[in-house]
Amino acid sequence: MKHYFPFFCLVILLFPACVRSPQLEGYGQARGFTLEKNSEGEVTAARILSDGQIFEYEFCRREEGRSGFVDGSFRRFRVAVPQIRTAVCTSTMLVLLDEIGAVEAVAGMDGDYTTVPSFRKRIEEGKISFLADGMVLDKEKLAALKPETVFFSPASGDRSEIQKIIDCGAVPVPIQDWREPDPLGRARWAELEAAFFGKSEEAALLFRETEQRYRKIAEEVSLRSSRPQVIFHLPVNGQWRMPSGNSFTAAAVRDGGGLCLMPEAPSETVLLDLETVFSRFSGATVWLIHAGTYADRKSFERAALSAFGDSRLASFPPLGQARIAVNDRLVDDRGFNGFYDYSPLFPDRLLEDLAAVTAGGEPVHFYRVLK
């Protein structure tokens, strides 16, 4: 046994390196994908990191072949460009497809939630099928639709949706832009998504314009002499969910002039007890609400102290002192909020709103300050 001991130790030392999660170099500010382009600027390949796995895509012109698996692999795919029959099961993509003129390629969605006018019209005309039963894709509906690709936002550790898509002969495209720690990194996913429709240059131009506006606002905000502390949301059952300090939301607040005291975490959100919030956020003078809609400040205060919040908030200083801004400006008559459709692609608009709220001004895109 002693003759094998050095070899055994070497195996133990090397084992962590063997099982380390794969990484990507990223693309611009984005960490979750990479793109390869030819000399003419056309995207020829893409790689996406999702839930510890790398999905690889080779792009070809439609006349050169059809979409499908490569070498029988369920992680390597060929994609015929432009896509002409796809399903989109993530709301963050639809505004982009509207902007680049690829709306008609979408034949299926996971639900009737979008606020984008062009997609509302196609839904009303019966040109889009719904593929989900609650929060889960319906395999029979997916098979009947026969899309070439399915864009979806997988939950961590849940691979059943991917298997359904593969079983139906479609190419799965995981979109996890919400994992990006930078708002511009999240917006950069547009170039990846547009590549499947032969529109990456259009998306790149859109991003460059957005980035220029974002950086200009952030530079102006950086000259301010003071930063108000920011708090998010309301407690539920004594616990308070907020964006983590290393999330894209926290980054946008910092760039928009706010002071963030949320702790960093491996996930995009952190869960705090009421005692921690009282000790950490009692000095907050800006309160951002991302759920519900309120007629005025009084109605918010009543909700905060009712069953929707916590009666102990009566002694919480920000309830009476903070500026309260709700992201409900784009809520439609069905109650769906366009904030979640438009803010991922246009973080410059989000930043402009945050810069106004933290400076005592009036937002114009997504938020509304309660009076």
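## Overall fold

The protein chain contains 14 helices and 18 strands. Its radius of gyration is 23 Å, close to the 21 Å given by the globule rule for 371 residues, so the chain is as compact as a globular protein of that length. The model is a predicted one.

Along the principal axes, the C-alpha trace of the protein chain spans about 75 × 65 × 40 Å.

## Domains

The protein chain is divided into two parts: domain 1 covers residues 25-211, and domain 2 covers residues 227-369. A distance of 30 Å separates the C-alpha centres of domain 1 and domain 2.

The two domains touch: 25 residues of domain 1 are in contact with 19 residues of domain 2. Contact here means heavy atoms within 4.5 Å.

## Burial and contacts

Buried residues make up 51% of the 371 residues in the protein chain. The cut-off for buried is under 20% relative accessible area.

Contacts in the protein chain between residues at least 6 apart in sequence were also classed by separation. Of these contacts, 58% join residues at least 24 apart.

## Surface and charge

The protein chain has an accessible surface of about 18000 Å². Carbon and sulfur atoms account for 53% of that surface.

The protein chain carries 44 positive and 51 negative charges. The mean position of the positive charges and that of the negative charges are 2 Å apart.

Conventions: Residues numbered from 1 in each chain as written. Predicted model: local features only at pLDDT ≥ 70, side-chain atom pairs only at ≥ 80, totals over all residues. Heavy atoms only, no water. Helix = DSSP H or I, 4+ residues; strand = E, 2+ residues; numbered from the N terminus. Rg over C-alpha atoms; globule rule 2.2 N^0.38 Å. Buried < 20%, exposed > 50% of the residue type's maximum accessible area, 1.4 Å probe, protein only. Areas by Shrake-Rupley, 256 points an atom, 1.4 Å probe, with all protein chains shown as cover. Lys, Arg positive; Asp, Glu negative; His and termini not counted. Charge placed at Lys NZ, Arg CZ, Asp CG, Glu CD. Domains from an automatic or database assignment.
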